[in-house]
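Morning, everyone. Please take a look at the model on the screen, and then I'll walk you through a few parts of it.

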Amino acid sequence: MPSRRSSKRSKCRGEQSHPVRNRTPAQEHGARVIYPTRLAVLAAAAGAPVALVIGVLLPDRWYAGLAWPLAVLMLAVVDAAKGRRTAVVRVDLPATASVGDTIDATLTVTLAGTAKVGGAEVALAANALFAAENDGRASVVMRDGKGAALLPLTALRRGIGRIDRVWTRWRGPLGLVWHQRAVASDVRVAILPDIRLLHDKGAEIFRRHAIDGLLTQVDRGDGTDFDALVEFRSGMDRRAIDWKQSARHRKLHAKEYRTERNNQIVFAVDCGRQMSDPVAGVPRVDRAVSAMLLTAWVALKLGDRVALHAFDSRPRIASGLVSGMPAFANLQRLAAEIDYSVEETNYTFALTTLATRLTRRSMIVLFTEFTDLTSADFLVRAAMRIVKTHLLLIVVLRDEDVEAIADRAPATADDVTRAVTAAALLRDRKLVLARLEHVGVHVIEAEHDRVGERLVAGYVALKRRNLL
């Protein structure tokens, strides 16, 4: 059995230890194919020079030259008869996986028969949601008619990953023919949004940014709701001093506030064409969904209300505002339903529709991407209308590929052209982000592997500044 490759284990909800696994039923029916191996072809071809020599030297007995290929053919027939086996292939996979995660498909092959088989080969036919190493092929070392192999599969997108068919083949005892079986499979894997960061570091991130609870002694006095009038102490904000009450009591007194709860946080996820482009092998929209779920979890723990809004050319998902930790499971289910779109994003329609649903000032976290100034101009115009009523925070991912092209030392004329084009794109991007900040939009531009933590820090910072 080949050595097990190191693979990231998904820690999605309900799959921390992979207790439930998909398994194909043991079945042998399917298409049977027998065809020659490379050895048989080379052995038959080796008889061609002999037949040519016989035909030249003994033209009256040219038919003697056919003895070699006929002998190879007869041996292949015997090999095909003795190599027949009853094949059973089983595929074991976790029931769920995270997008971008690598899971191991365990392929177990059983060949029933009297003759010994030293090895076999298997191949999987997976749908487009999976990427398999070596085109889904693996070698199996057989011992006593049984063997197993591990084949890493990478989940590329959210949805239902399927293994529709499994092929297995083995050589006959003489090694002249392949025996191949195609076995139908019904393995399904639910590919969910990636929340491994939430499982691994969620508690740590929350403790780092918590406003109340265990860290009230650090954040005493923060917030917008008046709580009590207390005697001024060293370390308190001098702007909180109530001078009228201090004059009345002849001692400095300050107002102490408590953190305002029940703020409305709306996550607007752009799922248009540009957000379907991959970043480090994972679509941008999946990176956004992972960061959104981490921030939503923190927001729910801090007592705020959270809603999800997904759109491309028009709104696709519009959930109501929810609060409390039990609502996170429903938010995660809605996030898994965000589809990959090929349509252009309509910021005006989407954000105007969202604004009509909100009855009070809210914080809107918009995940989007733009590559041309035309779409960026529509984004700026829509943002100018939103910031008049709501707090808008736009999250974009850094285009590391374009930055690498712009920073790379050119070696050819084509490299110079690429570098100039990449620099122009980055310049336009910075110009758009500066325009957004100028109209009052808060912008976070982060690397794909740090966007979640950066977003949580930005959300908590705005909450501490009482901008909601």
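Let's start with one residue. Leu-426 has a relative accessibility of 19%, so it counts as buried; the cut-off for buried is under 20%. Keep in mind that this is a predicted model.

Where does Leu-426 sit? Find helix α10, residues 413-438, and you will find Leu-426 there.

Which residues does Leu-426 touch, leaving out those up to four places away in sequence? They are Val-402, Glu-403 and Ala-406. Take Val-402. Along the chain, Val-402 and Leu-426 are 24 residues apart. Their C-alpha atoms are separated by 7.6 Å.

Now zoom out. The chain has 468 residues, and 45% of them count as buried. The secondary structure comes to 11 helices and 21 strands. Look at contacts between residues at least 6 apart in sequence: 76% of these join residues at least 24 apart.

Last stop, a pair of helices. Helix α5 covers residues 284-301, and helix α11 covers residues 451-464. They pack with their axes 9 Å apart, at an angle of about 40°. The two helices are therefore oblique to each other. Their crossing is right-handed.

Who makes the contact? From α5, we have Arg-287, Ala-291, Leu-294, Thr-295, Val-298 and Ala-299. From α11, we have Val-451, Gly-452, Glu-453, Leu-455, Val-456 and Tyr-459. Sort the contact of α5 with α11 by class, and you get 8 nonpolar, 2 polar and 2 charged residues.

Technical notes
Residues are numbered from 1 along each chain as its sequence is written. This is a predicted model: local features need pLDDT of at least 70, side-chain atom pairs count only at pLDDT 80 or more; totals for chains, interfaces and linings use all residues. Side-chain values use heavy atoms; hydrogens and water are left out. Axes are lines fitted to C-alpha atoms, for helices over the stretch in contact, and angles run from 0 to 180 degrees between N-to-C directions. Helices (H or I, at least four residues) and strands (E, at least two) are DSSP runs, numbered from the N terminus. Angles under 35 degrees count as roughly parallel, over 145 as roughly antiparallel, 65 to 115 as roughly perpendicular and the rest as oblique. A crossing is left-handed if the near helix is turned anticlockwise from the far one by less than a right angle, and right-handed if clockwise. Contact means heavy atoms within 4.5 Å. Ala, Val, Leu, Ile, Met, Phe, Trp, Tyr, Cys and Pro count as nonpolar, Asp, Glu, Lys and Arg as charged, and the others, Gly among them, as polar. Buried means under 20% relative accessible area, exposed over 50%, partly exposed in between (1.4 Å probe, protein chains only).
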